[in-house]
Amino acid sequence: QVHFVESGGGLVQSGGSLRLSCGGFGKIFDIDFMGWHRQAPGKQREMVAIIFADGSTNYVDSVKGRFTISADNSKNTVYLQMNNLKPEDTAVYYCYAHVLSSMGRSDYWGHGTQVTVSS
């Protein structure tokens with residue numbers, strides 16, 4: 001059964017850095033895109049970054065120039081390098097992927113990892 005697991009969250013001071021990882025497990029035949037969403041307390045979940053199979057990327061405006069998404073499709077893994085973190089980046093970060101498996105093409109979400117940025 002396909003599933004994705006995040007790691008790398010934690011507590012960091014404002015201006016610090018964290019690197020999130022998300023690995024996919026199970027019989028994954030192809031990956032169309034992978035990305036990260038986040039949800040802060042009392043707010044709706046928002047897209048943070050996405051990377052497509054051709055390597056193209058897109059970011060929400062608030063993280064441009066600070067966050068970098070990358071992927072290693074051979075390992076079914078997506079990364080999010082977060083630099084110059086701000087308190088407003090505090091949220092639960094979820095990875096997601098649109099993949100082809102024995103079940104067809106589907107979306108998969110991780111369970112989330114907490115990122116807390118102190119001022």
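Rings of Phe, Tyr and Trp (its six-membered ring) are said to pair if their centres lie within 6.5 Å, and the pair is stacked when the planes are under 30 degrees apart, edge-to-face when they are over 60, and tilted for the rest. The model is predicted, local features need pLDDT of at least 70, side-chain atom pairs count only at pLDDT 80 or more, and totals for chains, interfaces and linings use all residues. Residues are numbered from 1 along each chain as its sequence is written, and side-chain values use heavy atoms, with hydrogens and water left out.

**Exercise 1. Find how many aromatic pairs the whole structure holds, and describe the pair of Phe 4 and Tyr 108.**

Step 1. A search of the whole structure gives four aromatic pairs.
Step 2. In the pair of Phe 4 and Tyr 108, the centres are 6.4 Å apart and the planes make 40 degrees, a tilted arrangement.
Step 3. Phe 4 belongs to strand S1 (residues 3-7) and Tyr 108 to strand S10 (residues 104-109), so that the pair links distant parts of the chain, 104 residues apart; strands (E, at least two residues) are DSSP runs, numbered from the N terminus.
Step 4. Phe 4 has a relative accessible area of 3% and is therefore buried, a word that means under 20% relative accessible area (1.4 Å probe, protein chains only), and Tyr 108, at 16%, counts as buried.
Step 5. Elsewhere, ring pairs join Phe 33, Phe 52, Tyr 96 and Trp 109 into a cluster.

**Exercise 2. Locate the rings over which Arg 45 lies.**

Step 1. A charge sits over a ring if NZ of Lys or CZ of Arg is within 6 Å of the ring centre and within 35 degrees of the ring normal.
Step 2. Arg 45 lies over the face of Tyr 94, 3.8 Å from the ring centre, and its charged end also sits over the ring of Trp 109, at 4.9 Å from the centre.

**Exercise 3. Identify the disulfide and place its two cysteines.**

Step 1. The whole structure has one disulfide, meaning a pair of cysteine sulfur atoms within 2.5 Å.
Step 2. The partners are Cys 22 and Cys 95, with sulfur atoms 1.9 Å apart.
Step 3. Cys 22 lies in strand S3 (residues 18-25) and Cys 95 in strand S9 (residues 91-101), which puts them 73 residues apart in the chain.
Step 4. Cys 22 is buried, at 0% relative accessible area, and Cys 95 is likewise buried at 0%.

Terms used. Helices (H or I, at least four residues) and strands (E, at least two) are DSSP runs, numbered from the N terminus. Buried means under 20% relative accessible area, exposed over 50%, partly exposed in between (1.4 Å probe, protein chains only).
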